[in-house]
Amino acid sequence: MRTVDLIEKKRDGAELSAEEIAYLIQGYVAGTIPDYQMSALTMAIYYQGMSLRETHDLTNEMVKSGEEYDLSSIPGIKVDKHSTGGVGDKVTLILMPLLASFGVPVAKMSGRGLGHTGGTLDKLEAIKGYQIERTKEEFIQQVKTIGIALIGQSEHLVKADKLLYALRDVTATVDSIPLIASSVMSKKIAAGADKILLDVTVGQGAFMKNLADAEKLSKTMVDLGRAVGRETVAVITDMSQPLGRAVGNRLEILEALDVMRGKGRADLTDFIIDLAQLLLSLAEKQVSLQLIKEHLIGGKALAKFEALVTAQGGDLTDLYRDSNAAFATKIIAKKSGYISELPAMTIGKYAMKLGAGRAVKGEELDYETGIVFDKKVGDEVAVGDTVATIFSNEKLSQKMITEFENYVIINNVCLKPKEILTVIS
């Protein structure tokens with residue numbers, strides 16, 4: 001078998017066999033297939049796609065490329081949740097403690113952010129002392145003891161994905177449905193959860209720009225989960241504007257705390273409650289929306305979050321402090337009407353320029369910077385109202401202020417968007 005022949009085969013639109021896919025993944029992980037050949041293959045896949053059978057074989061081979069976690073010693077149905085990324089997405093910080101407050105074991109590995117998308121690990125590391133690294137044994141024991149652990153992805157998990165993702169990131173082949181699906185599901189399967197909820201974002205701030213592509217990706221990932229006996233549900237959610245009020249690591253921690261103290265925006269609070277009911281149903285717990293809301297805003301979810309932070313070395317005093325960014329610049333509405341557009345990706349990239357996100361892997365973050373919105377799409381504004389506050393450690397130039405003002409579109413009428421667009425199971 002020759003790699004160049006397999007590249008040519010996929011380039012010309014033919015299907016690769018299970019044996020050929022195994023040869024390619026095993027060879028790449030072993031270092032016998034070089035980056036330049038794998039780059040050519042991923043570009044061929046980007047243009048020609050893969051059948052569902054090929055995607056299954058690719059996913060299974062990627063799972064086998066590293067360690068698999070066995071969570072069977074943890075009592076109960078283990079659930080996991082994954083988001084395909086967006087701006088202001090602090091859902092994991094709120095949803096996972098909420099689930100744990102109902103006795104559902106949460107053993108979750110999360111990732112870092114890159115570009116306009118924020119990573120859960122980066123937000124957690126905005127808490128002084130929070131340790132994202134745990135051995136497999138410590139990880140499992142913590143879930144047994146307090147019911148929840150949120151850690152970084154193991155270096156030994158799905159080795160092929162780490163290599164492939166780094167390659168795709170620099171060869172413009174990230175947004176390929178079979179490559180996204182196999183990347184996400186190989187990690188979820190290897191991480192050992194019994195049931196999986198996928199938050200597939202769609203819109204300006206997501207990898208999937210339209211509903212048709214989001215549905216195709218969702219169905220592919222649900223099929224991949226089902227094929228290995230993991231019940232999987234996908235929720236397609238709107239990412240045309242930032243999620244919630246805050247964008248930026250420390251600011252998103254503070255917003256998560258607000259939601260868990262009953263002070264969050266109603267739309268984000270209701271979104272979390274809806275997702276929680278879906279996940280609780282996967283865990284075979286039928287719970288009313290009212291009871292979920294009581295756990296969320298009545299202190300039980302917050303108690304679990306505090307237990308999580310403490311167990312992983314975080315400082316509870318630091319957890320509750322405000323951002324210490326040097327400057328807080330208010331963006332004021334210059335006309336009356338309704339907010340009709342807050343472009344998520346553009347705002348995410350703006351936050352990245354403030355230091356809240358990474359342009360390249362390994363770049364240092366400024367955990368204190370970001371944006372907090374007083375108004376979101378569909379909200380009414382009057383001249384002089386504060387639309388947002390920008391937190392920065394350098395004084396913003398008039399050019400930077402004007403740039404942000406231009407992102408805020410105000411019209412005569414605008415309906416509030418739905419967070420959940422459809423559910424695929």
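Contact here means heavy atoms within 4.5 Å. The model is predicted: local features need pLDDT of at least 70, side-chain atom pairs count only at pLDDT 80 or more, and totals for chains, interfaces and linings use all residues. Residues are numbered from 1 along each chain as its sequence is written, and side-chain values use heavy atoms, with hydrogens and water left out.

**View A. Surroundings of Tyr350.** Neighbours within four places in sequence are left aside. Tyr350 then contacts Ile371, Ile390, Leu396, Met400, Ile401, Glu403, Phe404 and Tyr407.

**View B. The nonpolar cores.** A nonpolar core is a set of buried Ala, Val, Leu, Ile, Met, Phe, Trp, Tyr and Cys residues joined through side-chain atoms within 4.5 Å. Buried means under 20% relative accessible area (1.4 Å probe, protein chains only). The largest core has 79 residues. Met260, Phe305, Tyr350, Ile371 and Phe404 have the most contacts inside it. Helix 12 (residues 266-282) gives the largest share of this core, nine residues. Helices are DSSP runs (H or I, at least four residues) and strands likewise (E, at least two), numbered from the N terminus. Another core, of 51 residues, lies apart; among its members are Met50, Met109, Phe139 and Val158.

**View C. Ser110 in strand 2.** Strand 2 spans residues 106-110 and holds Ser110. Why does Ser110 count as buried? Because its relative accessibility is 5%. Leaving aside neighbours within four places in sequence, Ser110 contacts Thr92, Thr120, Leu121, Ile151, Gly152 and Gln153.

Definitions and conventions:
Buried < 20%, exposed > 50% of the residue type's maximum accessible area, 1.4 Å probe, protein only.
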